[in-house]
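Subject: Structure handover

Hi,

Here is the structure we talked about. Please load it first, then read the notes below.

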Protein chains: 4
Amino acid sequence: MKKSILLINCKDNKGIIASVTNFVHQQKGNIVYIDQHVDREDTMFFMRLECEFSKDSFSKEQFENDFENSIANKFDMNWQLHDADVKPKMAIFVSKYSHCLYDILSRFSSGEMGVEIPLIISNHPDLEKIARSFNIPYYCIKVTKETKVAAEREQLELLRKYKIDFIVLARYMQIISSRLIGEFPDKIINIHHSFLPAFPGAKPYHSAFKRGVKIIGATSHYVTEELDEGPIIEQDITRVSHIHTIKDFILKGRDLEKIVLSRALQLHTKHKVMVYNNKTVVFN
Amino acid sequence: MKKSILLINCKDNKGIIASVTNFVHQQKGNIVYIDQHVDREDTMFFMRLECEFSKDSFSKEQFENDFENSIANKFDMNWQLHDADVKPKMAIFVSKYSHCLYDILSRFSSGEMGVEIPLIISNHPDLEKIARSFNIPYYCIKVTKETKVAAEREQLELLRKYKIDFIVLARYMQIISSRLIGEFPDKIINIHHSFLPAFPGAKPYHSAFKRGVKIIGATSHYVTEELDEGPIIEQDITRVSHIHTIKDFILKGRDLEKIVLSRALQLHTKHKVMVYNNKTVVFN
Amino acid sequence: MKKSILLINCKDNKGIIASVTNFVHQQKGNIVYIDQHVDREDTMFFMRLECEFSKDSFSKEQFENDFENSIANKFDMNWQLHDADVKPKMAIFVSKYSHCLYDILSRFSSGEMGVEIPLIISNHPDLEKIARSFNIPYYCIKVTKETKVAAEREQLELLRKYKIDFIVLARYMQIISSRLIGEFPDKIINIHHSFLPAFPGAKPYHSAFKRGVKIIGATSHYVTEELDEGPIIEQDITRVSHIHTIKDFILKGRDLEKIVLSRALQLHTKHKVMVYNNKTVVFN
Amino acid sequence: MKKSILLINCKDNKGIIASVTNFVHQQKGNIVYIDQHVDREDTMFFMRLECEFSKDSFSKEQFENDFENSIANKFDMNWQLHDADVKPKMAIFVSKYSHCLYDILSRFSSGEMGVEIPLIISNHPDLEKIARSFNIPYYCIKVTKETKVAAEREQLELLRKYKIDFIVLARYMQIISSRLIGEFPDKIINIHHSFLPAFPGAKPYHSAFKRGVKIIGATSHYVTEELDEGPIIEQDITRVSHIHTIKDFILKGRDLEKIVLSRALQLHTKHKVMVYNNKTVVFN
């Protein structure tokens, strides 16, 4: 059987669910999972379907044509059809911190992540050794004020060459330019080391420490042009107290960062995240 | 508009979703929410639909007849149709602890709970004053070895008289008999003050203290004939450490108990819990 | 035995712990608990001791005199000696929300809280019935732009008349004036319904909903002149998702608010909180 | 300055704290941190002190002699003095699962763990490649029913040769014999993939799935002769629901296992854990 994932969003309307499920049925598909959400305030409709089709008879192109003409047009839908068996290609951007990189790669090597990782890009050479021990190409592209534009062009060429589907910033300590964001809309995943919207920007652990919070957090979000303002995919927290120094905050935070980032990656990879109004609908 | 909730479970099969959504559509209903689950291991299918019908044209009886004949029979379904606007009638059983009772009644009085509370039954007179301050009838029915059967008969009569739909044991310190369980299958909700299946039975905080756990919990579950073995609806936990005495465990536990119990009640009241194989499917 | 609690903070220095423990020993006291903290960055020392003295021989006045002259002067200490058996007098301020009030009063009536509650002050008459059912005097003092100064004077007179030690704002929807804060420094405890410093000010649930956060929180803090900027005593969080409406945020938040507030009250009541640099040291 | 950690437990008694702090003071030591606990039920006293001594004048031997004769004898203490600057030597035991190993080694390589790791012992060759990429000797010692005794002898020889201080079982899927436990009492740290005491023994995720729990956990504990009954050092949990399969439980559990295990290792390494009555006092 061929498994496909259909993502839909559109203005809410009567009969959408029946129309779509009917359509899949007529195409000899079996719906194995359906997730649906209506945002009452914006009267927006969201749906995610996992469908199975017979490998012999199913034509993705045919399905897409028919769906567009019969259903999508009628309800003015945004929609995508993904092949569940195709692993998306993920590029990892890193700087000098290794904890998120190790976490991703060790999951990758144990078969836990449904992605391909064709390359790692960094602005520093420090983590090349790790990339090598996992046999993944590592490109060190220095980024300075002067080289920023050229560096970015080089990055983009690599991303195209390797046909990258989405990017994870695994504690990549550089601001991403509009151009790169424009090429990968809702496809660049960052981990911010605070409980956004508290403590955006640099040095959030220092700010949290100064404020005397009793809980710190980490937030994984899609990168948009407003720094640290993109749609939140996942967050988690851990307790701290007066006994913890900034260094303790940082160490405790690392555990959060890697876990929260990996959850966001899993959700994105399985096409479980839909973005709307700078927020996410997460079907998990 | 009239809002109804349709709960379905049956053997998993192709075309169920399309059949059901189609049927609702044909009945001029609008599906406003759909939740669905398939237990792959047991190949069981579960679905919860919230549908809106025009008040003028909708006949519940008609819908039930047609659904039974056309869909339910075909897929051999267990199913129920609930009127979302009808508040279920809940009986509260208590003994001497007041924290869960206060919590339920203060939520009730602030309009937070979608239930009616026609009566409170207790084996002790202690909490009558609280019931009275909320204007709810309080029946004190003593339970001893000798009076157990008679007491239960009296309880059952009250439950029938008040047309009770489900029962919450808000720290009711008596074992419920088979007969009462039989009359209210998956309709008696208990709060157990441990993280089941750890520490079933009496004095779980004492056992947890002795074992030196670092986390304690509370578990709300449906009452079945095996004590503390019924389907789990909700659980939560809180941290403890060596500095906490048994008394601290008990106080911290109370906060868990009342919150976990109230969450379970909300889920049950909104028909979001389905029971199968001594487990629950919770659509929340 | 007479139990006393000694709180100390001063510049960190060698020999403080030995000096203090020695002093207590010489006074025939037995130290039953010692908590200590050093803030390395500010080189500040904090200590909390629970000591037992023989009821016959112990004179609080004598102890205070001797301690001041021999130890406190030497190390330039801020310090307080509390009688552990004296219950502090707490005033509750409320507006219209009842959940925190019910929670506090039900704990109070079950003997869980080590305070006296001589009075409840409100700017609305709505919750008087609840106060009455717990037999606690309820003073309704309207607050408008015009009456603000007079209202506050009336509040202060009541607080003095009842010899109030500290105040809890149990969702009291008014800004507290400098004058009241000045009379009760680090003695007015507020519950803010967000995970501060995220979403300060009004309508935090609405802001959290708009931002699409995956976790909401509540924060209990001492009231200072900067709104929502006072020292944080306790925080906690709960998960939310796209399925939750603002109304759901509010309901889930209420459970947080009452639990977090009650924890803060317990800590304050037991003299476990010390304030320094707009942060708290919490010995729990 | 030379930093030492003094751990004490004994029957509770008056004057212990003053005696000890005085003694340290007389030895020209500065107490920089003091943690203390009294188990009221067992009237047991626990204390952990971090002290600084001048490098020139301090003699560990002298201190130990004097302390034993003057204080320890008087109060009949169990006590240890640790040099805070000496990194304990930790052996890692693994089988085939790599997630805990990767987590430990990536922390180790980033300088996060205060240990030396002289060797890794496994009953399988699978993870040798990982050990090699971190430049740590890997000994594969097969364990079968027939070779169990010989294998263990070989393990013990290695542990002695490398002067191992404590052992971490990083998902080592073999039962540890009495002999090894006897040589490393309260010095073998295991991670059990359930929320003990729920689901001891093999296949806890399967049992948790079958029971329909809403929360799963992981527990790190010292290994004793009763399987999964040793003193608990740390626990944590994560939420699950009906949508999660056993495979999901396992994946979610892995994240818990590695985080909980690493926390336990940090606590043990910093001499923050004391064992008594099959429970732990954890000063964190």
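**Salt bridges and burial**

C:Arg132 is exposed, at a relative accessible area of 57%. (A salt bridge is a side-chain nitrogen of Lys or Arg within 4 Å of a carboxyl oxygen of Asp or Glu.) C:Glu128 and C:Arg132 are 4 residues apart in helix α4 (residues 128–133) of chain C, so about one helical turn separates them. (Helices, H or I with at least four residues, and strands, E with at least two, are DSSP runs numbered from the N terminus.) The general rule: an α-helix has 3.6 residues a turn, so residues three or four places apart point the same way.

Before going on, note that this is a predicted model: local features need pLDDT of at least 70, side-chain atom pairs count only at pLDDT 80 or more, and totals for chains, interfaces and linings use all residues. Residues are numbered from 1 along each chain as its sequence is written, chains are lettered from A and ligands numbered from 1 in the order written, and side-chain values use heavy atoms, without hydrogens and water.

**Between chains**

Over all chains, the search finds 64 salt bridges. One of them links A:Asp236 and C:Arg239, with N and O 3.5 Å apart at the closest. This pair crosses between chains, from strand β11 (residues 232–239) of chain A to strand β11 (residues 232–239) of chain C. A:Asp236 is buried at 17%, while C:Arg239 is partly exposed at 33%.

B:Asp236 and D:Arg239 also form a salt bridge, at 3.5 Å from N to O. B:Asp236 sits in β11 (residues 232–239) of chain B and D:Arg239 in β11 (residues 232–239) of chain D, so this pair joins two chains. B:Asp236 is buried at 17%. D:Arg239 is partly exposed at 33%.

**Symmetry**

How does chain A lie on chain B? A turn of 180 degrees and a shift of 0.0 Å along the axis give an RMSD of 0.0 Å. That is the relation of a two-fold axis. (Superposition is by least squares on C-alpha atoms of residues with pLDDT of at least 70 in both copies.) Of the interface residues of chain A, 100% are also interface residues in chain B, so the copies meet through the same surface.

**Helix α5 of chain D**

Helix α5 (residues 148–161) of chain D has 14 residues and reaches 20 Å from first to last C-alpha, close to the 20 Å expected at 1.5 Å a residue. (The expected span is 1.5 Å times one less than the number of residues.) Which residues of α5(D) are buried? They are D:Ala151, D:Glu152, D:Gln155, D:Leu156, D:Leu158 and D:Leu159. Down the axis of α5(D), the buried residues fall within an arc of 160 degrees, so they line one face of the helix. (The arc is that of the directions from the helix axis to the C-beta atoms.) D:Val149 and D:Lys161, on the other side of α5(D), are exposed. Just after α5(D), D:Lys163 takes a positive phi of about 50 degrees.

Best wishes

Conventions:
Contact = heavy atoms within 4.5 Å. Buried < 20%, exposed > 50% of the residue type's maximum accessible area, 1.4 Å probe, protein only. Expected span 1.5 Å × (residues − 1).
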